[in-house]
Amino acid sequence: MQSYDKDREKQNKKVKNSLLFAHLIVSLPQNYLKTMMSILEGRQALKAEVMKTAEVAGYLWQNGWAERNGGNITVNVTDLVDKAIKALPALTEPKPIGVELPQLRGCYFYCKGTGKRMRDLARWPMQNGAIIRILDDCAHYVIIGDEVVWPTSELPSHLSVHARLIEKGSPYRATVHTHPIELVAMSHHKPFLGKDVLTEILWSMIPETKAFCPLGLGIVPYTLPGSNELAEATLKELENYDVVMWEKHGVFAQGLDAMDAFDQIDVLSKSAKIYIAARQMGFEPEGMTQEQMAEMTRAFHLPR
Ligand SMILES: [Zn+2]
């Protein structure tokens, strides 16, 4: 009997609480409700860009390239930002980027959140990533939407790459870091790490790899993740390549958007899988000949 009374009491409390909550929502000022709306609402182009990035995050997870919170994506969305977004108040105090990047004055980025998972970002991009504004001092940023999700700890290196892209007048707007299994496995073999050794092997596995990753794969020798040395070495390699291998760690790619960066990693990964499949069958794959690859360059007007 006593427990029945207790249950009733609990139930009454629940009903009271939910009524109180309903009242609270109804009585909230309109302005507050507006701020609860996603920054993506009514902005088709910006929304499409974030949703495309979320789609890529899903592919990284499905490919087994994004265990736990592994990998990062940063997209320059400045061109998709309207006056109303520029006038939005910050959700946070200014936070130092860690580097000063004059090229990024007034730029906006969508960034994966620190500690967030790609598989979660795929479904809830604005709860696992955020849009940030670079402040006029070019050394601090604030979060403007939708929630206070602090960006990746790799933000300084990602933003340094974006600053360089702007400086060069590049159309590239996205950077992606991920851990593709077969490519990382191949980076454990020193003879593959000479300049363009891996590029030549991967290009020769299937013609499309050369066509769709026409600059090949740059190599950065093992360096501590998150270090300035890694950021600097990556910047240097990206002068000549769109995809860079971080030895025994993963790849870093730049592209027109997250999908373009992903596609380049994907074709390289496909070649790596073909190479490994051949080795598993017990033979060294022959690969396309130098003449066949030169023919590709001529036929498709490739840069190399
Ligand atoms: Zn990593």
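Strand 1 is largely enclosed by the rest of the structure, because five of its five residues are buried. Burial applies to both faces of strand 1: Asn72, Thr74 and Asn76 lie on one side, Ile73 and Val75 on the other, and all are buried. This is a predicted model, and what follows describes that model.

Strand 1 has partners in strand 6 and strand 3. It runs antiparallel to strand 6, and four bridges join the two. In this pairing Thr74 stands opposite Thr175 of strand 6. Strand 1 and strand 3 are also antiparallel, here with three bridges, and Asn76 has Phe109 of strand 3 as its bridge partner. Phe109 also stands opposite Ile132 in strand 4. Strand 3 (residues 108-112) and strand 4 (residues 129-134) run antiparallel and are joined by five bridges.

These pairings belong to an open sheet of nine strands with mixed pairing, in the order 2-5-4-3-1-6-9-8-7. Strand 2 (95-96) and strand 7 (217-220) stand at the edges; each has a single partner strand, so one side of each is left without a neighbour in the sheet. In total the chain has twelve helices and nine strands.

Helices pack on this sheet. Helix 3 (residues 44-62) lies across strand 1 (72-76), strand 3 and strand 6 (174-178), and runs at about 160° to strand 1. Helix 10 (residues 228-237) touches strand 7, strand 8 (243-246) and strand 9 (250-255), and its direction makes about 155° with that of strand 7.

Helices also pack on one another. Two packed helices are described by the angle between their axes and the distance between the axes. For helix 3 and helix 11 (residues 258-280), the axes come within 9 Å and cross at roughly 25°. An angle under 35 degrees counts as roughly parallel, so helix 3 is roughly parallel to helix 11. On the helix 3 side the residues that meet helix 11 are Lys52, Thr53, Val56 and Tyr59; on the helix 11 side they are Ala258, Met259 and Phe262. By type, the residues of this contact between helix 3 and helix 11 are five nonpolar, one polar and one charged.

The second pair is helix 6 (residues 155-168) and helix 10, which pack at an angle of about 25° with their axes 10 Å apart. Helix 6 and helix 10 are therefore roughly parallel to each other as well, and helix 6 passes helix 10 in a right-handed crossing. Helix 6 contributes Pro156, Ser157, Ser160, Val161 and Arg164 to the contact, and helix 10 contributes Leu230, Ala231, Thr234 and Leu235. The residues of the contact of helix 6 with helix 10 comprise five nonpolar, three polar and one charged.

Pro125 is in the loop between helix 5 (118-123) and strand 4. Pro125 counts as buried because 27 C-beta neighbours lie inside 10 Å, where the cut-off for a buried residue is 20 or more. Which residues does Pro125 contact, leaving aside its neighbours within four places in sequence? They are Val50, Met51, Thr53 and Ala54. Between Pro125 and Met51 there are 74 residues of separation in sequence, yet their C-alpha atoms are 7.3 Å apart. Across the chain, residues 24 or more positions apart account for 71% of the contacts with a separation of 6 or more.

Other loops contain backbone features. A cis peptide bond joins Gly145 and Asp146, with omega about -15°, and Asp146 is in the loop between strand 5 (140-145) and helix 6. Arg68, in the loop between helix 3 and strand 1, is a residue other than glycine with a positive phi, near 40°. Arg68 is exposed, because 9 other C-beta atoms lie within 10 Å. Asp196 is in the loop between helix 7 (181-186) and helix 8 (197-203), and its phi is also positive, near 65°. With 15 other C-beta atoms within 10 Å, Asp196 is partly exposed.

Buried residues make up 39% of the 304 residues in the chain. Helix 12 (residues 290-299) has none of them: the number buried among its ten residues is zero, so helix 12 lies largely in the open. Just after helix 12, His301 takes a positive phi of about 50°.

Notes. Residues numbered from 1 in each chain as written. Predicted model: local features only at pLDDT ≥ 70, side-chain atom pairs only at ≥ 80, totals over all residues. Buried ≥ 20, exposed ≤ 12 C-beta atoms within 10 Å, placed from the backbone. Contact = placed C-beta atoms within 7 Å. Pairing = 2+ DSSP bridges. Axes fitted to C-alpha atoms, helices over the stretch in contact; angles between N-to-C directions. Parallel < 35°, antiparallel > 145°, perpendicular 65-115°, else oblique. Nonpolar A, V, L, I, M, F, W, Y, C, P; charged D, E, K, R; others polar. Left-handed = near helix turned anticlockwise from the far one by under 90°.
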